[in-house]
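Hello,

Here is the structure I promised to pass on. Please keep it open while you read my notes.

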Amino acid sequence: MSGASRILANDIDPVAGMAITLNCELNHLSPFPILTKNILNLEQDQWDLVVLGDMLYDEALADSLHGWLKKCVHTFGTQVLIGDPGRSPCSGHSIWHELHKVAEYSLPEATRQQNNGLTTSAVWNFQP
């Protein structure tokens, strides 16, 4: 919708891929490629912008992601935006020292109850 010349959606869960396709249909967008392999294990490509969400819930994943994102930024000048509520298992991970809050949102009550009392989620700019 913003005029990107190339888009790739990535989620290792095929059900998420179907949800992405449905979201495109609901928003009257042409479907775009969806990769259901772990992109962190593939040869890195050049992206102007990487947007990811809810990925900092596991230390091992955060470690892999941190290295991949740093390479994106340092090699290609990629801008990285991360949406994440800041769950406690990874709240001490070193990636948090390189995140700068862009926006914060209150979560609906039902979401709060389903997520152990988390009350907000934020969008972060990754700047290593």
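My notes on the domains, the sheet and the core follow.

This is a predicted model: local features need pLDDT of at least 70, side-chain atom pairs count only at pLDDT 80 or more, and totals for chains, interfaces and linings use all residues. Residues are numbered from 1 along each chain as its sequence is written, and side-chain values use heavy atoms, with hydrogens and water left out.

Domains. The protein splits into domain 1 (1-37) and domain 2 (41-126). These bounds come from an automatic or database domain assignment. Taken over C-alpha atoms, the two centres are 19 Å apart.

Sheet. Four strands form an open sheet with mixed pairing, in the order β3-β4-β6-β5. Strands (E, at least two residues) and helices (H or I, at least four) are DSSP runs, numbered from the N terminus. Two strands pair if DSSP finds at least two bridges between them. β3 and β5 (99-106) are the edge strands. β5 and β6 pair in the antiparallel sense over seven bridges. Leu99 stands opposite Phe126 in β6.

Core. The largest nonpolar core has 23 residues. Such a core is a set of buried (under 20% relative accessible area, 1.4 Å probe, protein chains only) Ala, Val, Leu, Ile, Met, Phe, Trp, Tyr and Cys residues joined through side-chain atoms within 4.5 Å. Leu56, Leu69, Ile82 and Phe126 have the most contacts inside this core. Its largest share, seven residues, comes from α2.

Phe126 is in contact (heavy atoms within 4.5 Å) with residues including Leu69, Ile82 and Leu99, leaving aside its neighbours within four places in sequence.

Best wishes

Methods:
Buried < 20%, exposed > 50% of the residue type's maximum accessible area, 1.4 Å probe, protein only.
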